[in-house]
Amino acid sequence: MILKYDVIVIGGGHAGCEAATAAANMGAHTCLVTMDMNKIAQMSCNPAVGGIAKGQIVREIDALGGQMALVTDATAIQFRMLNRSKGPAVWSPRAQCDRGKFIWKWRQTLDETEQLDIWQDQADELIVEQGEVVGIKTIWGCEIKAKAVIVTAGTFLNGLMHIGRRMVAGGRIAEPAVPHFTESITRHGITSARMKTGTPVRIDKRSVHFEDMERQDGENGYYKFSYLNLSRPLEQLPCWVCYTNEEVHQTLRSGLNDSPLYNGQIKSIGPRYCPSIETKLVTFPDRPQHLLFLEPEGTETNEMYLNGFSSSLPMDVQIEALRKIPALRDVRVYRPGYAIEYDFFDPTQLKHSLESKIIKGLFFAGQVNGTTGYEEAGGQGTIAGINAALYCGGGTPLILHRDEAYIGVLIDDLVTKGVDEPYRMFTSRAEYRILLRQDDADARLTEKSYKLGLAKRERYDWWLQKKQAIEEIVEFCHTFAIKPKLVNSALEAVGSTPLNFGCKLDELVARPELNFEKLLHIVPELKAIIEQLPNRKEEIAEAAEINIKYRGYIEREKMVAEKMHRLENIKIKGKFDYPNLNAISIEARQKLERIQPETLAQASRIPGVSPSDVNAMLVLLGR
């Protein structure tokens, strides 16, 4: 049987779902190929979305017209805004989700997407003709033809799971690995390698002594993930905190000889920032305890997730160690933690559009690019889906720059620097953090996406309404005169220096010790302006306050970004014979020859290319 589409998406994980809906919503006839329609967007590890820098990516997906934020809000069972004690540049939303409801909400979203079909099957071979992808063959003999193919296979490509010395082929517990497909790609000159990740034990909450744990509730404020959503419908549940102890550590150490991480069984590299519990013991041998979070998996299940206890030790060692924790002394588990090794493809072989430099029409997104995390996968999937649809229609690819989105930072890091461990986004990776806040993703991306055809009219109209409201508040604060005699006593009462002369309201807003919440009681006119806003008053007021309070930092960062854009405009691909370019270092020649950067700015971000190398190329270009 032969099926024909514009775009094929291989894999129904977080990257695949975003890629499929993005391509279809842009008008491309799309087929999502997945092994199990009942595990669409499965949260293989932690049933949570967001976190430091990751939450910003989810808001960017939403601003572009993607689905992850909407699904998260609909299935959230706890919400928190992280880093609130710091500046707004690093505020990051995070939500615990109901794992089962998350899957079915995504399934409903896919079912309701026009131009999108789902085919339950397993990709077996990539079909390439004259350097261009033309489709795939499946294990059941189906041939699916398409102009573009997006590979989002997660951890399934030659996946191998480890618990102690036991090894079982699989892409996820109780799910088969995908053999052969990697080889059908690498035979065309694309290189692959191996990575490792892991997941913790799953616990029956009926066996937990919660009285020996610290309760951690979420927030019930106005924050949401989606710029469109107005409510979280599910019951909000607490998480719980406990610690390991020396008895736990002794038990875990007794099993290190059987740990696949230390007996030579696993040779690939795991995530440094999210280590297994056994890695923590080896790396920090003098630490007396390690923090653990016990998190609910849903509103209608007893299953709980023990965050911080990722492990591939033998199952009896894992369970014995857990029972040395007072709150878990009677613990019953659904399954032990395990590690998994899988294939990924060197992302420096990709363009910024996520299209392969080697095979036309072939796109990669998610863990197959060496990343980890649902959010990083979803962001890549959104861009790959957009660009696959544009490729089919002959359009110009969407490229997000480093000052436009964390997604732009993520993709630029991947294709420019490559990976030597599973890549995770941090706020520290972004040099323009004050421009890439979680509150302004719609300001950065919605209009751009609307023009492409992904963000719909409802989203665009709401952004225009919000934009106008923010501008009105900023303008009011800039022009409203404050008289000292009317405010000085109130300023002193909140610990702020009284005024000697009159000023504009925005000068008070800029004071570190003042904010809108305090000023509403001091300046009733400001309160009146905010109360007459459309829905989501708090969100709009906060965005306006951040714009006023951090105006100087924002403008300075924009100037720095503009200077870098000048280098982005200098195209260098095909202009240098790098092996014979004696004006730059040997390391720079080797790196530039391998990566073949498009612009001088991209070249400047390649590890091993120094500022003097960039200056030398500028001189040779006559700049």
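1. Strand S2 (residues 7-10) pairs with S3 in the parallel sense over four bridges, where strands are DSSP runs of E of at least two residues, numbered from the N terminus, and count as paired if DSSP finds at least two bridges between them. Within this pair, Val 9 has Leu 32 of S3 as its bridge partner.

2. This is a predicted model, in which local features need pLDDT of at least 70 and side-chain atom pairs count only at pLDDT 80 or more, while totals for chains, interfaces and linings use all residues. Residues are numbered from 1 along each chain as its sequence is written, and side-chain values use heavy atoms, with hydrogens and water left out.

3. On its other pairing, S3 runs parallel to strand S7 (residues 116-120), joined by five bridges, and Thr 34 stands opposite Gln 120 there.

4. Five of the five residues of S3 (residues 30-34) are buried, so the strand is largely enclosed by the rest of the structure; buried means under 20% relative accessible area, with a 1.4 Å probe and protein chains only. Thr 30, Leu 32 and Thr 34 cover one face, and Cys 31 and Val 33 the other.

5. The open sheet comprises five strands with parallel pairing, in the order S7-S3-S2-S11-S21. S7 and S21 (362-364) stand at the edges with a single partner strand each, so one side of each lacks a neighbour in the sheet.

6. Strand S11 (residues 148-151) and S21 run parallel and are joined by three bridges, with Val 149 opposite Leu 362. Helix H9 (residues 374-393) packs on the sheet, touching S2, S11 and S21, contact being heavy atoms within 4.5 Å.

How values were computed: Buried < 20%, exposed > 50% of the residue type's maximum accessible area, 1.4 Å probe, protein only. Axes fitted to C-alpha atoms, helices over the stretch in contact; angles between N-to-C directions.
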